[in-house]
Amino acid sequence: MKKLLLSVGMAGVLLLTLFSAAWAVDQVVVDHAAYLRTEPALDATKLKLVPSGEKLTVLDASNQYWQKVQTVDGIVGYITTNSYYVKPVTTPAEDSTVHNQLTRQLKKGDTGEEVKQVQQLLSQAGFYQGKLDGEFGALMEKAVIAFQTKYKLVTDGLVGPQTWAKLTAVAGDTTSPGSGGTNPDQLTRQLKKGDTGEEVKQVQQLLSQAGFYQGKLDGEFGALTEKAVIAFQTKYKLVTDGLVGPQTWAKLTAVAGDGATNPGTSTVTTKVLGKGTSWETTMYVIKGQEPGKTVWVSGGIHGNEVAGYKAALQVKDWQVGKGTLLVIPELNKSGIKNNKRNSPYGDLNRAFPQSTKETADNALAKAIWNEYLQYKPDYLLDLHEGYDYHVQNSASVGQSIIYYPKGDMKTYGEKLVAQLNRTTPSSKRFSVLRYPIGGSLARAAGIFGSPAAILETSSKDPLSTRVANQLTAVRMLLEHAGLDPVPVN
Ligand SMILES: [Zn+2]
């Protein structure tokens, strides 16, 4: 597509107007399925689950956490800015084009659309990783010189007709990954496990859009792709041979084209703990299709620590490719209802065994602890909030991960804190602490052999920040444990 338009450009058709229109629009591509919502808030109504691989047009990016976008089918809503879910499209939109000549020579210090376009071309050609900001700075000059050196042009760091011509030629030849391509009407061959190439990649893309595949779009027909094909064939009552021939292909293009979104293939079962009591609460058992570790995520043990249970209520809708994700979003449901820390029995996070010889203190803690004992999770993360920032006020554990030194929990804690602190001001930065308090669920789990931790955000932050940080912690733990999470929020 790009090549074709480029040769049209080379033929001398000046497409300046088209060019500037295309560049005024920013796009993002969905990396992991994410919900489009009516408002910039996690509890806003979900409009649709946007599948991975779909491109969105950004209408407004002024909010730090949410961007207003439009889908290919014209739906306008809000989607997270979290780079795990959406990434900027660094290639020009497919309907954009490259104009055939510069209006002036470009040099360091220049700014504007043409500079931005050169940055884009340098980036496509693999010579520039900086911002596409239309400012010809030192980094860009360096890239120009590197490009000129490679292609034996005069290495003056200026972009004149020679450099420009070479740039458009080189960048036009480069097929950038992720730029997709149009789906052919039919396959050129039957595809099977072991095959590789563009057509396999398209099948992966379609399977992903249809909600059957969460793996990489790498054009390699491996076991995961085969499994997805079989699941798809089963669902649509096709011959379940794991091969992609004309029947499966036709159904795939039809289903994916419908925008049908099946968020995943995990099996979800629920259990009600304490049925009929004032503290009755639900546990979600989310099983991936492949075996793997078991991870426990819970929130709301302190009923007034809002971000923890808000995040856990999102996590209960996630999917995993492997293993088992156990979620009890609202451990202390009556506390949550009344926005109170304590349960009807007092502080629930002091009621768990303090040695392997003990049991839990009360009916609610016992109901929770029985589930722990039944599953003996490989990891346990309990979501909390503190009232301040630990680095400013050591009396508060806000902004910390408090791990029990078992297994590789410390490694996870350090990795998590490093990640969270990339987007957290240093005055509010997260700390790695250890030993959850005696009687806490996390400490009891540690004593009984599970790598476990408490996550604490600070209730001084905006709720959206806190929930986002909590979700990052959960997602990273699930990745750390190899569950292949699909966090569909
Ligand atoms: Zn707490």
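Me: Which residues of α14 count as buried, and what makes them so?
Reply: They are R466, V467, A468, N469, Q470, L471, A473, V474, R475, L477 and L478. The label is a neighbour count: buried means 20 or more other C-beta atoms within 10 Å of a residue's own, exposed means 12 or fewer, and partly exposed is in between, with C-beta atoms placed from the backbone. By the way, this is a predicted model, where local features need pLDDT of at least 70, side-chain atom pairs count only at pLDDT 80 or more, and totals for chains, interfaces and linings use all residues. Residues are numbered from 1 along each chain as its sequence is written.

Me: Why is V58 called partly exposed?
Reply: Because V58 has 18 C-beta neighbours inside 10 Å, which puts this residue in the in-between class. V58 sits in strand β4 (residues 55–60). Leaving out residues up to four places away in sequence, V58 touches D26, Q27, V28, Q67 and V69; contact means C-beta atoms, placed from the backbone, within 7 Å.

Me: What makes strand β13 mostly covered?
Reply: In β13 (residues 379–386), 8 of its 8 residues are buried. In a regular strand, side chains alternate between the two faces of the sheet. Y379, L381, L383 and E385 are buried on one side of β13, and L380, D382, H384 and G386 on the other.

Me: How do you know that β13 and β16 pair?
Reply: Two strands pair if DSSP finds at least two bridges between them. β13 and β16 (residues 452–458) have 7, in the parallel sense, so they qualify. E385 has T457 in β16 as its bridge partner. β10 (residues 290–299) also runs parallel to β13, joined by 5 bridges, with L383 as the partner of G299.

Me: Why is the β-α-β unit of β14, α12 and β15 called right-handed?
Reply: Because, with the strands pointing away from the viewer, a right-handed crossover runs clockwise from the first strand over the helix to the second. The unit made by β14, α12 (residues 409–421) and β15 is classed that way. β14 (residues 400–404) and β15 (residues 431–434) run parallel, joined by 4 bridges.

Notes:
Helices (H or I, at least four residues) and strands (E, at least two) are DSSP runs, numbered from the N terminus. Two residues are in contact if their C-beta atoms, placed from the backbone, lie within 7 Å.
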